[in-house]
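Please have a look at the model first, then read on.

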Amino acid sequence: MKWIETKIITTPMAVDAISEILFQLGAKGISVIDPNDMENFKEEFPFWDYIDERAEISKKDEAIISVYFPKKEVNYEEKIAKLKNRMEELPSFGLEIGRAEISSSEMEQEDWEEGWKQYFKTFHATEKMVIHPIWEEYVAKDGEVVIDMDPGMAFGTGEHETTAMCIQLLEETLREKDDVLDIGCGSGILSIAGKKLGAAKVEAIDLDPVAVRVAKENIAYNRLSDEIIVKEGNLTEKVSGTYDIVVANIMADVILILLDTVSDYMKKDGIFIASGIINEKMEEILRAMEQRGFSVVKTLRKGEWNALVAKRGE
């Protein structure tokens with residue numbers, strides 16, 4: 001099916017009103033790039049390592065609305081004419097519309113939710129650990145540990161360097177019957193890996209409710225729903241008890257925050273596996289580890305990403 005994508009350049013203050021007009025005209029989907037939203041995000045989450053520069057390309061006093069109409073609608077030109085007329089009325093209500101520039105282009109509909117699956121194939125995260133999409137057939141070979149996955153909208157297929165390094169370090173570090181805490185669990189892949197490698201108690205936590213839902217689904221695919229606890233929460237706020245291994249595949253600046261409290265949830269000889277550290281932040285992380293009494297026993301680097309294994313201080 002073909003669609004007409006229409007972009008409207010206006011002011012942030014007019015976004016809500018124009019969006020309402022568009023829905024009244026039959027728009028099937030609207031997205032907005034508002035520089036004010038980005039500024040608010042950066043103030044609320046100053047530790048965010050990366051912000052897509054494409055989301056900041058518009059001028060600070062402009063917002064871009066993208067709207068989609070089915071091409072088969074014969075009255076598209078009429079809709080745009082009505083949109084222009086309605087927008088011209090907005091200044092009388094105290095809403096500046098800026099340059100109110102409107103442009104259109106055709107696009108093919110794609111099933112974004114399902115289309116990506118053609119690129120996610122069964123693969124070895126390590127020689128032993130196999131990541132298997134649930135929609136593919138796979139027969140495990142002797143000695144392989146297979147994790148069945150449908151990551152959906154949550155981070156963590158195992159293909160990204162940060163996740164792959166965590167899986168490798170878990171495989172090298174985890175002893176049978178260890179208790180494992182997975183902070184920022186995403187798709188649940190590290191929790192599942194930990195359990196399949198022989199962990200006793202496994203608890204996972206993530207701030208994102210979508211990640212919590214997806215993690216629970218993946219845990220169910222691996223028939224581990226009764227053996228892994230998943231909670232929605234920020235870092236360690238809902239965690240109780242202590243663990244042999246704490247793994248956190250998150251951002252460097254969040255790891256810095258976590259270092260203030262993570263040892264409270266580690267057993268005396270506990271191990272902290274941290275990943276998601278960009279090259280530029282590695283030295284800062286290592287210094288912070290040392291200052292808080294951690295002993296770094298191993299580091300890994302893949303491309304621009306780093307992971308490490310640290311022992312808790314006395």
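1. Among contacts in the protein chain (heavy atoms within 4.5 Å) between residues at least 6 apart in sequence, 68% join residues at least 24 apart. This is a predicted model, in which local features need pLDDT of at least 70 and side-chain atom pairs count only at pLDDT 80 or more, while totals for chains, interfaces and linings use all residues. Residues are numbered from 1 along each chain as its sequence is written, and side-chain values use heavy atoms, with hydrogens and water left out.

2. For the overall picture, the protein chain has nine helices and 14 strands; these are DSSP runs numbered from the N terminus, with helices being H or I of at least four residues and strands E of at least two. Of its 314 residues, 48% count as buried (under 20% relative accessible area, with exposed over 50% and partly exposed in between; 1.4 Å probe, protein chains only). The accessible surface (Shrake-Rupley method, 1.4 Å probe) comes to about 16,500 Å², and 49% of that belongs to carbon and sulfur atoms.

3. Helix 7 covers residues 209-221 and spans 19 Å from its first C-alpha to its last, close to the 18 Å expected at 1.5 Å a residue (1.5 Å times one less than the number of residues). At its start, a side-chain oxygen of D208 comes to within 2.9 Å of the backbone nitrogen of V210. After the helix comes R223, with a positive phi near 55 degrees.

4. Which residues of helix 7 are buried? They are A211, V212, V214, A215, N218 and I219. An α-helix has 3.6 residues a turn, so residues three or four places apart point the same way. The buried residues of helix 7 pack against helix 6 (189-196) as well as strand 7 (145-149), strand 9 (202-206) and strand 10 (228-232).

5. The buried ones are I189, L190, S191, I192, A193, G194 and K195. Just after helix 6, G198 has a positive phi of about 115 degrees.

6. Finally, consider the loop between strand 6 (129-133) and strand 7, where W135 lies. W135 is partly exposed, at 31% relative accessible area. The loop between strand 6 and strand 7 also holds G143, which is exposed at 61%. G143 and K128 are 15 residues apart in sequence, yet their C-alphas are 6.7 Å apart in space.

Key. Polar contact = N/O pair within 3.5 Å; in protein donor to acceptor, adjacent residues only side chain to side chain.
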